[in-house]
Amino acid sequence: MPIILSLRLVDAMFEFYFPILGKGRECSAVKLENMSELDLSSEIKQLRLTLETITEVTNLPKLEIEIQELEALAQNPNIWDDPENAQQVTSSLSRKQSLRGKLLGLAKRIDDLEVLVELAS
């Protein structure tokens, strides 16, 4: 039974999560009778390098510290005494948590892709 495999599956995820980085990338598919016909290790390696670059640019350790600081501010029971400040804190916290979630989610998906390719071989 032939396998239809997207060569750029994770690239498509990058485009979804980081549209600017995904511009100009094409998603393509090939029909394979046997997974051994295709070596995806270089593709996965390139995806990991791209994610590492994104993680470095976004400075994940600093992002984690900022999230912790914002969470501490958001837990202050008096935060809503100043609604404008409270909204700024909670909005910033939400954006930063979302970015962290996307980065960690992409790393997990690349790991999962690697395992799936290994199992299919």
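Q: Where in the chain does Asn59 lie?
A: Asn59 lies in the loop between H3 and helix H4, which covers residues 60–74. Keep in mind that this is a predicted model.

Q: What is the phi of Asn59, and how do I read it?
A: Start with the general idea. Most residues other than glycine have a negative phi. Now the case here. Asn59 has a phi near 55°, a positive value in a residue other than glycine. This positive phi comes just after H3.

Q: Is Asn59 buried, exposed or partly exposed, and why?
A: Use the cut-offs: buried is under 20% relative accessible area, exposed is over 50%, and partly exposed is in between. Asn59 has 34% relative accessibility, so it counts as partly exposed.

Q: Now H3. What end-to-end distance should helix H3 span?
A: Count 1.5 Å a residue. Helix H3 runs over residues 41–58, which is 18 residues, so it should span 26 Å. Its end C-alpha atoms are 26 Å apart, in agreement with that figure.

Q: Which residues of H3 are buried?
A: The buried ones are Ile44, Leu47, Thr50, Leu51 and Ile54. They cover an arc of only 120° around the axis, so they sit on the same side of H3.

Q: Which residues make the nonpolar surface patch?
A: Val115, Leu116 and Leu119 make it, and the patch comes to about 320 Å². Val115 lies in helix H5, residues 83–120. At 46% relative accessibility, Val115 is classed as partly exposed, because that value falls between the 20% and 50% cut-offs.

Q: What share of the chain is buried?
A: Of the 121 residues, 25% are buried. The accessible surface of the chain is about 8,400 Å², and carbon and sulfur atoms hold 55% of it.

Q: What share of the contacts joins residues 24 or more positions apart?
A: Look at contacts with a separation of 6 or more. Residues 24 or more positions apart account for 75% of them.

Note on methods
Residues are numbered from 1 along each chain as its sequence is written. This is a predicted model: local features need pLDDT of at least 70, side-chain atom pairs count only at pLDDT 80 or more; totals for chains, interfaces and linings use all residues. Side-chain values use heavy atoms; hydrogens and water are left out. Buried means under 20% relative accessible area, exposed over 50%, partly exposed in between (1.4 Å probe, protein chains only). Contact means heavy atoms within 4.5 Å. Accessible areas come from the Shrake-Rupley method with a 1.4 Å probe; for residues, only the protein chains shown count as cover. Patches are made of residues with over 30% relative accessible area and no salt bridge: like charges are joined within 9 Å, nonpolar side chains (Val, Leu, Ile, Met, Phe, Trp, Tyr) within 5 Å. A salt bridge is a side-chain nitrogen of Lys or Arg within 4 Å of a carboxyl oxygen of Asp or Glu. Helices (H or I, at least four residues) and strands (E, at least two) are DSSP runs, numbered from the N terminus. The expected span of a helix is 1.5 Å times one less than its number of residues. The arc is that of the directions from the helix axis to the C-beta atoms.
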